[in-house]
Amino acid sequence: AHRKEVEEYNKKMEYVTKAHKLCEQLKQVRATLEPFEKNKAISKRRLNMKKIVKGKLNTLSHEGNKILSVVSEIANAVEVARGEDEGVKKQLKEGGGVGMDGGGALTSDMARGKRYLVDLLASNVIVRVQAESFNGTRGDGFPLAAMLAKLSIETKDIVPILTAHLYTACPVAIPTLPTGGQGGVGESSEEDLMESLGMQKDKNGEYESFDRFLGRTEGLVSIVADIMSSYPENHSLLGGHKGAVIYLERFLAFLPPAPHQVPLLTAPVLVAFLTGAGHMLANKFPDKFRPILDTITNDVMLRLDEGTTGVPSATRLRKLTEDGFDGFKNKLPPGAIPELYDGAEGTGSGVPPAPVAPVGSSM
């Protein structure tokens, strides 16, 4: 019986193993980009890419048309980079040639421009949603999320790369929670716990404050929820619409059973996720979302951490859920862009998300 339990547990946790593998692949991909980043012969090409990514992300606003124009400009830049890479490969095949900016011989690392650009975009997204000025529950993430969901249809390479960046920055986005004793503490040392939570160190090797960590986590979880809730309906970035149901079911399955208190992260994660995805879930997947919401309100919320650090998030979760299922069904989230947020009723056919290709597989 024990062996069967272990097998069932491993099967249930398979998605965590896959997520960790994806993060490992990202490390390898980024290692292959180092020569591209350092190659002086293509400094102009790199500078151009940085201008495109930062420039375009800076122009995003809550206007639908603006977002769609950024999508086509970035998709176009990726195509241009692909063409330049092909040019380098062709010249190398024909025996050498001159570097892009007119200096030095061509080398194979110069043919990694498209991969570099996609990674640059994903890195910039992560930096933005972790900034102290970014407020996910206010709806700051919707323009970015709508852009990425639409871009993922045209530039499929963004799917594994961005997913791996998000999982690396925020393990709870997988979702996974540190195990080891009650509430994530116990056998493991404080250092291990901080690391497994995804807490970051500053330049002096000191861990960030818990408040800062919670703020960052909320930003990252809210961009995940916003992406899952964005049109187009058939996008598969982070599993698309159905990914939101799966995420909540998995997250709740991680929590300790009653009567134990749930970890401190529970309320901030649920506030961020439900604020972004609750409206889409209540309309698209009412049969799935009702029992999830019932579990949250009638069980999880009775066991929240009400200590000094926990109280603000616990209070916000109560406020967010006080109008129940209908509150989520009828209210568009703050900052959502109506024409790019998919709150349409019941068209969610419940198609399971496409498997995520390994990072760099199509590159």
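Colleague: Is the crossing of α10 and α11 left-handed or right-handed?
Modeller: This is a predicted model, and in it α10 and α11 make a left-handed crossing.

Colleague: At roughly what angle do the axes of these two helices cross?
Modeller: The axes of α10 (residues 240–254) and α11 (residues 266–284) cross at roughly 140° and come within 10 Å. The two helices are therefore oblique to each other.

Colleague: Which residues meet there?
Modeller: On the α10 side they are H241, A244, V245, Y247, L248 and F251. From α11, the partners are T266, V269, L270, F273, L274, A277, M280, L281 and K284. By type, the residues of this contact divide into twelve nonpolar, two polar and one charged.

Colleague: Why would residues three or four places apart point the same way?
Modeller: An α-helix has 3.6 residues a turn, so residues at that spacing point the same way.

Colleague: Now the other pair, please. How do α6 and α9 cross, and within what distance do their axes come?
Modeller: The axes of α6 and α9 come within 8 Å, with a crossing angle of roughly 50°. That makes α6 oblique to α9. The crossing of α6 past α9 is right-handed.

Colleague: Which residues of α6 and α9 meet?
Modeller: F142, L144, A145, L148 and A149 of α6 meet I223, D226 and I227 of α9. The residues of this contact comprise seven nonpolar, no polar and one charged.

Colleague: Next, α7. How many residues has this helix, and what does it reach from its first C-alpha to its last?
Modeller: Helix α7 (residues 158–169) has twelve residues. From first C-alpha to last it reaches 16 Å, close to the 16 Å expected at 1.5 Å a residue.

Colleague: Why is α7 described as largely enclosed by the rest of the structure?
Modeller: Eleven of its twelve residues are buried, so α7 is largely enclosed by the rest of the structure. The buried residues are I158, V159, P160, I161, L162, T163, A164, H165, L166, Y167 and A169.

Colleague: Against which helices do those buried residues pack?
Modeller: They pack against α2 (14–38), α5 (113–130), α6 (142–154) and α9 (210–228).

Colleague: Let us turn to the backbone. Is the peptide bond from I174 to P175 cis or trans?
Modeller: The bond from I174 to P175 is cis, with omega near -5°. P175 is located in the loop between α7 and α8 (190–197). The peptide bond from A258 to P259 is also cis, with omega near 5°. P259 is placed in the loop between α10 and α11.

Colleague: And L238: is its phi positive or negative?
Modeller: Phi of L238 is near 60°, a positive value in a residue other than glycine. L238 belongs to the loop between α9 and α10.

Colleague: Is L238 buried or exposed?
Modeller: L238 is buried; its relative accessible area is 10%, and the cut-off for buried is under 20%.

Colleague: Finally, the whole chain. How many helices and strands does the protein chain have?
Modeller: The secondary structure comes to 14 helices and zero strands. Of the 363 residues of the protein chain, 50% count as buried.

Colleague: What percentage of contacts between residues at least 6 apart in sequence join residues at least 24 apart?
Modeller: Among such contacts in the protein chain, 76% join residues at least 24 apart.

Technical notes: Residues are numbered from 1 along each chain as its sequence is written. This is a predicted model: local features need pLDDT of at least 70, side-chain atom pairs count only at pLDDT 80 or more; totals for chains, interfaces and linings use all residues. Side-chain values use heavy atoms; hydrogens and water are left out. Axes are lines fitted to C-alpha atoms, for helices over the stretch in contact, and angles run from 0 to 180 degrees between N-to-C directions. Helices (H or I, at least four residues) and strands (E, at least two) are DSSP runs, numbered from the N terminus. Angles under 35 degrees count as roughly parallel, over 145 as roughly antiparallel, 65 to 115 as roughly perpendicular and the rest as oblique. A crossing is left-handed if the near helix is turned anticlockwise from the far one by less than a right angle, and right-handed if clockwise. Contact means heavy atoms within 4.5 Å. Ala, Val, Leu, Ile, Met, Phe, Trp, Tyr, Cys and Pro count as nonpolar, Asp, Glu, Lys and Arg as charged, and the others, Gly among them, as polar. The expected span of a helix is 1.5 Å times one less than its number of residues. Buried means under 20% relative accessible area, exposed over 50%, partly exposed in between (1.4 Å probe, protein chains only).
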